[in-house]
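Visitor: Could you walk me through this model before I start working with it?
Guide: Gladly; have a look at it and then ask away.

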Amino acid sequence: MLKQSNTLLQGKLVRYSHKGVEFLGILKYKDSQSLVMPLDISNNMNEFIIHFDRFKECLNANNPLIPLEDVKLLSPIKAPLQDVICLGINYMDHAEESMRFKKEAFDGKVDEAVYFGKRVNEFVNPNGVFHIGDKTQQLDYEVELVVIIGKDCKDISKEEAMNFVFGYSIGNDISARDLQQKHKQWYAGKSLEGGFPLGPCIVLRDSINPHNLKIQSYVNGELRQDSNTSKLIFGISHVISELSSYFTLKAASIISMGTPSGVGMGFVPPRFLKAGDIVVCKIDGIGEIETRIEK
């Protein structure tokens, strides 16, 4: 089993475009201004994560700073190396609203974690667009805490698990509820093209406490989801330990930790997304992402 280094991981990493060229950078703050320092490496975040021990010294460089407003923020990872690993019904109140939507009884218990895969060919930028087509009439939003693995790991304990985390981001697990119902399995309904906005950054592991973060979503300025990551049924350590008991979790693997109540299907009647809607997903300490729904 590979051991994670004891390097303190702090800061916020971004991928951005400046004058038509893509870079990786780290956010800096000076005199109440948000700035970006380019990193002297490729613009491939997966490569940076996998070879972090080789690249980590570049975080301490003294490169010229660029005002954040002068760059275009991109999804911090362009595309995952494998399907995103997602958790279903990982907040108790969302489990209840999910059962209600499916007209099934809920006994108030979730005994085992629900895992599923989500095909993502490319992440949507933190201020991007999702194009709604004719495949679904029940398009939904889900704000989620995203965990990025920093080192290959297999058969690790819950006590060790957090040492293998690289950092955290925000995801919107866009979902087609009618396709989920139609196919029984969730893979198709969770994998519409462009269905995973990610960003605005990767907050490195030791910068925040991921177990106590306010998590919210808004649709057209209306607060829809309002919870805290402390309410996760199966926490990060449990998930990493359990998954690594089944298979090797590779460096740069992405785990999306599930969503709280307040999604569109949870309302009576349901309130699904339509063209023209704007969805904002927020998590304290990480930031926010905005997605416009268009034809």
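Visitor: Over residues 84-293, how much of the chain is helix and how much is strand?
Guide: Over that stretch the chain is 15% helix and 33% strand, and its end C-alpha atoms are 22 Å apart; helices (H or I, at least four residues) and strands (E, at least two) are DSSP runs, numbered from the N terminus. Please keep in mind that this is a predicted model, where local features need pLDDT of at least 70 and side-chain atom pairs count only at pLDDT 80 or more, while totals for chains, interfaces and linings use all residues. Residues are numbered from 1 along each chain as its sequence is written, and side-chain values use heavy atoms, with hydrogens and water left out.

Visitor: What feature does UniProt place at residues 84-293?
Guide: The unreviewed UniProt entry gives "domain: Fumarylacetoacetase-like C-terminal" for residues 84-293, and such annotations may be inferred rather than shown by experiment.

Visitor: Now pockets: how much space lies in the largest one?
Guide: The largest pocket holds about 270 Å³, where a pocket is an open set of points on a 1 Å grid over the protein atoms alone, reached by a 1.4 Å probe, with protein on both sides within 12 Å along at least five of seven lines, and lining residues have an atom within 4 Å of a point. Of its 22 lining residues, the closest to the centre are Lys102, Arg177, Gln180, Trp186 and Met265.

Visitor: Which helix gives the most to that lining?
Guide: Helix H3 does, with four residues; strand S6 (84-88), helix H3 (92-101) and helix H5 (177-183) each supply at least two. By class, the lining of the largest pocket has seven nonpolar, seven polar and eight charged residues.

Visitor: Switching topic, how many salt bridges does the structure hold?
Guide: There are 16 salt bridges, each being a side-chain nitrogen of Lys or Arg within 4 Å of a carboxyl oxygen of Asp or Glu. One of them pairs Arg224 with Glu222 at 3.3 Å, N to O, and another joins Asp277 to Lys274 at 3.2 Å.

Visitor: Is Arg224 buried or exposed?
Guide: Arg224 has 13% relative accessibility and so counts as buried, whereas Glu222, at 32%, is partly exposed; buried means under 20% relative accessible area, exposed over 50% and partly exposed in between (1.4 Å probe, protein chains only). Asp277 is buried too, at 4%.

Visitor: What about Glu294 and Arg292, how far apart are their closest N and O atoms?
Guide: Those atoms are 3.7 Å apart in a salt bridge, with Glu294 partly exposed at 33% and Arg292 partly exposed at 31%. Elsewhere, salt bridges that share partners join Lys118, Asp140, Glu142, Asp173, Arg177 and Lys190 into one network.

Key. Points joined across faces, edges and corners; volume = space filled by probe spheres on them. Nonpolar A, V, L, I, M, F, W, Y, C, P; charged D, E, K, R; others polar.
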